Amino acid sequence: HPRSHSQLSAPPATPSTMRRPALIPAVILAAAAVLVLVVTATVAVPHRTRPIGLLAAPITTRARMSTCARMSTSSGSLPRRRFGLAGLAGAIGMVSQGFQRADAISGGGKGYSGYTIEDEDFSGRNLVNEEFRGTMAKRVKFVGSNLQNAQFQKADLRDVDFTGADLSGAALEQCTLEGAIFKDAILENAYLGEPILQASSIEGADFTDAVIASAYTQRELCKKASGTNSKTGVSTRESLNC
């Protein structure tokens with residue numbers, strides 16, 4: 001029998017050509033499924049498990065804790081947040097920021113900031129412009145050390161011995177100075193908070209042009225002031241304008 005033109009030109013069907021049309025929709029569906037999962041995938045994360053700087057400053061930590069407590073009280077449970085791709089990027093950024101804060105507090109900052117150096121002896125050392133912010137420095141000896149412009153903000157300086165030390169321009173604000181010794185120390189142009197009143201001795205200390213927290217602090221210092229500085233020749237009472 002004579003065959004039509006379409007019958008003459010069509011190649012014989014093979015297993016591979018028969019399966020090919022079915023593969024294309026399968027590939028498209030698989031790709032679409034992956035895309036949908038990536039775009040719409042969400043992760044429920046409680047606020048209390050969000051990465052934060054675990055070693056961040058205590059004030060910041062307490063603020064966060066109180067915030068979480070208020071949220072828990074008002075809603076009965078901790079709120080949950082859903083993260084997509086943008087949320088994942090934000091979480092990564094928060095982790096990085098948390099590690100940076102932790103490094104700064106646990107010794108990763110400048111100088112000795114954040115370190116624990118209790119009972120160490122730094123006597124006679126040249127520590128000009130050194131940083132001791134937030135340092136745990138109980139009973140450390142700085143006898144005769146050069147501490148000009150040193151930064152001691154929020155440091156624990158209980159029972160520290162600054163005898164004969166040069167603390168000109170040093171910042172001693174918000175420190176713990178209980179039992180600290182400033183005998184014959186030079187504190188010209190130093191920044192002093194009320195904790196200076198906790199010092200066990202300021203005999204012979206030179207407070208010339210020091211920035212003192214308040215008139216009250218100055219008056220209280222005058223009550224215990226005595227002696228003359230061996231290096232500057234200035235009496236402690238005179239340096240305090242008593």
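**Figure 1. The run of elements along the protein chain.** From the N terminus on, the order is α-α-β-α-β-α-β-β-β-α-α. That makes six helices and five strands in the protein chain. Keep in mind that this is a predicted model. Of the 242 residues, 31% count as buried. The accessible surface of the protein chain comes to about 14700 Å², and carbon and sulfur atoms own 58% of that. As for how far contacts reach, take those between residues at least 6 apart in sequence: 20% of them join residues at least 24 apart.

**Figure 2. The open sheet of three strands.** Here the strand order is β3-β4-β5, and the pairing is parallel. Which strands stand at the edges? They are β3 (171-172) and β5 (211-212); each has a single partner strand, so one side of each is left without a neighbour in the sheet. Zoom in on β3 and strand β4 (residues 191-192) and you find two bridges in the parallel sense. To get your bearings, look for Ala171, which stands opposite Tyr191 in β4.

Figure 3. Arg139 sits in the loop between α4 and β3. One of its salt bridges goes to Glu118, with the closest N and O atoms 4.0 Å apart. Glu118 lies in the loop between α4 (85-108) and β3, as Arg139 does, so this pair ties together parts that are 21 residues apart in sequence. A salt bridge is counted here when the N and O atoms are within 4 Å, and the Glu118 pair is listed at 4.0 Å. Arg139 also forms a salt bridge with Asp119, and there the closest N and O atoms are 2.6 Å apart. Asp119 is in the loop between α4 and β3 too, so the pair links parts that are 20 residues apart in sequence.

**Figure 4. Backbone angles at Asp119 and Arg139.** Asp119, in the loop between α4 and β3, has a positive phi of about 70 degrees although it is not a glycine. Arg139 also has a positive phi, of about 65 degrees, and it is not a glycine either. For context, most residues other than glycine have a negative phi.

Figure 5. The Arg158 and Asp156 side chains meet in a salt bridge, 2.6 Å from N to O. Asp156 is buried, with a relative accessible area of 8%, whereas Arg158 is partly exposed, at 29%. Elsewhere, salt bridges that share partners join Glu118, Asp119, Lys138 and Arg139 into one network. The count of salt bridges comes to six. In general terms, side chains of opposite charge can pair when their charged atoms come close.

**Figure 6. The largest nonpolar core, seen around Leu147.** This core has 37 residues. Which of them have the most contacts inside it? The list is Phe142, Leu147, Phe152, Leu157, Phe162 and Phe182. Now pick out Leu147 and set aside its neighbours within four places in sequence. Its contacts then include the aromatic residues Phe132, Phe142, Phe152 and Phe162. Also in contact with Leu147 are Leu127, Ala165, Asp166, Leu167, Ser168 and Ala170.

**Figure 7. The disulfide and the cysteines.** How many disulfides does the structure hold? There is one, and it joins Cys222 to Cys242, with an S to S distance of 2.0 Å. The link is left-handed, with -95 degrees about the S-S bond. Cys222 lies in helix α5 (residues 215-224) and Cys242 in the segment after α6 (236-239), so the pair ties together parts that are 20 residues apart in sequence.

How values were computed: Residues numbered from 1 in each chain as written. Predicted model: local features only at pLDDT ≥ 70, side-chain atom pairs only at ≥ 80, totals over all residues. Heavy atoms only, no water. Pairing = 2+ DSSP bridges. Helix = DSSP H or I, 4+ residues; strand = E, 2+ residues; numbered from the N terminus. Buried < 20%, exposed > 50% of the residue type's maximum accessible area, 1.4 Å probe, protein only. Core = buried A, V, L, I, M, F, W, Y, C linked by side-chain atoms within 4.5 Å. Contact = heavy atoms within 4.5 Å. Disulfide = S-S within 2.5 Å. Areas by Shrake-Rupley, 256 points an atom, 1.4 Å probe, with all protein chains shown as cover.
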